[in-house]
Amino acid sequence: MLTSARARIVVAFLVLVLVPIVAFAQARTTGQVVGTVKDASGAIIPNAEVVLIDIGTGTSHDAKSGPEGGFVFPNLQPGRYTLTATASGFQPVTLQEIIVQTARSTDVVVQFQVAGVSEQVSVQASTPVVETTSTTIANTVRNEQIAKLPLSGRNVLNFALLVPGTATSAGARDSEYNGLPGGAIAITLDGINDNSARFRSGGTSFFVFAPIRLGAVEEVTVSTAGLTAEAGAEGAVSIQFSTKRGTNSFHGQVFDTIQSDKLNANTVVNAARGLAKPKLKQHEYGANIGGPIIKNKLFFFANYEQIYQPSETTISRNVLTPEAQSGVFRYTATDNSVRTVNLLDIARANSFPSGIDPFVSSQLQAA
């Protein structure tokens, strides 16, 4: 019993010590909504009741506007939200389709109109072009945008290069942002560092351990300047991938991305040389599903992808003729005459071993 108690104490101590370290090493994967409440004349309204609802999960968040009319909803999962604000003597206001993105602030302005509380104003919200509450320069590419592009595979890491300021010299692994060295790039997956430590130098930093798969990723946010401590102090450029999540409704898909030489034309070089087109057969197939376990409280999402790519390789190699295996070689002299020489006889004449090694002989026979 004493040993068991000591073991529990040790485990508890390790959890207390290690959990803060892990949390410190993670980058922020959530977004936030920052807003101001005003009346029709532009004057601020303090103590207004503000409710933010996640459209996908039904989760609600409550807040009140401060003395200067401001409010903040931090640590929000990426997705679509609805915001409703009420204040005495004003019409209730509802902002629809507020988009929250990974590691970014969404700025909103709630403007009341004087009227009875029985009336309500509904406004279609939109993501602002300029973030007024953050100095971070960032761009977000969502799964829907990537899925509409012609894909050559389902690994979507390279689509982080769609944002302005990127450059690729000799391949995706040599990519850079705003002229910064490759070692400045920090890639995270749901806040966990996904950089390949072996390649975190030179021009090969655009490389990850855990594959970034199209079916699992919701969006990627690339921050190229003005990074804060929430980026995890991992680099001057932050590439943050966020995976999909479950909602109150079941959703999923089955997919198969096919590549085949039957759908391809031959290359110009092969056609000129009379060669057949390269053989290609590849399937990237799988499925995903998400939904509620307990509505408005607990959700799940799972994604499975598999690559099937049979291949064949033709190898050509030179082998010795039976005559050469016995030590007799032919060569062309300077007068263009073909002559023969027995290397074993030359070795024997110069007191070198003149027999063929049994192991070498067996290898020659196998070839």
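Hi everyone, thanks for coming. Some ground rules before we look around. The model is predicted, so to speak of local features I need pLDDT of at least 70, and side-chain atom pairs count only at pLDDT 80 or more, while totals for chains, interfaces and linings use all residues. Residues are numbered from 1 along each chain as its sequence is written, and side-chain values use heavy atoms, with hydrogens and water left out.

Let me start with the sheets. When I say strand, I mean a DSSP run of E with at least two residues, numbered from the N terminus; two strands pair if DSSP finds at least two bridges between them. As a reminder, strands of a sheet pair through backbone hydrogen bonds, either parallel or antiparallel.

Please find the open sheet of three strands, with the order β4-β1-β7 and mixed pairing. Which strands stand at its edges? They are β4 (70-76) and β7 (105-111); each has a single partner strand, so one side of each has no neighbour in the sheet. On average, neighbouring strands here are turned by 15 degrees against each other, direction ignored. For that angle, axes are lines fitted to C-alpha atoms, and although angles in general run from 0 to 180 degrees between N-to-C directions, this one ignores direction. Strand β1, residues 31-38, runs parallel to β7, and seven bridges join the two.

A nonpolar core, for us, is a set of buried Ala, Val, Leu, Ile, Met, Phe, Trp, Tyr and Cys residues joined through side-chain atoms within 4.5 Å. Buried means under 20% relative accessible area, exposed means over 50%, and partly exposed is in between, using a 1.4 Å probe and protein chains only. In soluble globular proteins, nonpolar side chains tend to be buried together. The largest core in this model has 22 residues, and those with the most contacts inside it are Val33, Phe71, Phe73, Leu83, Val110 and Phe112. Two or more residues each come from β1, β2, β4, β5 (79-86), β6 (93-100) and β7. Which element gives the most? That is β6, with four residues.

Let's zoom in on two of those phenylalanines. Phe71 is buried at a relative accessible area of 3%, and Phe73 is buried with 3%. Rings of Phe, Tyr and Trp (its six-membered ring) pair if their centres lie within 6.5 Å; planes under 30 degrees apart are stacked, over 60 edge-to-face, and the rest tilted. That rule gives three aromatic pairs. In one of them, the ring centres of Phe71 and Phe73 are 5.8 Å apart and the planes sit at 65 degrees, so this pair is edge-to-face.

Counting contact as heavy atoms within 4.5 Å, and leaving out residues up to four places away in sequence, Val110 touches several residues, including Val37, Phe71, Leu83 and Leu95. Apart from this core lies another, of 21 residues, with Ile146, Phe159, Phe206 and Val220 among them.

Next, two hairpins. Strands β2 (residues 49-54) and β3 (residues 60-64) run antiparallel, joined by five bridges, one of which links Val50 to Ala63. Five residues lie between β2 and β3, and Gly58 in the turn has a positive phi of about 80 degrees. Further along, β19 (residues 328-332) and β20 (residues 338-342) pair in the antiparallel sense over five bridges. Their hairpin also has five residues between the strands, and Asn336 in its turn has a positive phi of about 70 degrees.

There is also an open sheet of five strands, in the order β9-β14-β15-β12-β13, again with mixed pairing. Its edge strands, β9 (137-142) and β13 (192-193), each pair on one side only.

By contrast, Gly179, in the loop between β11 (175-177) and β12 (185-189), is exposed at 56%.

That's my tour, and I'm happy to take questions.
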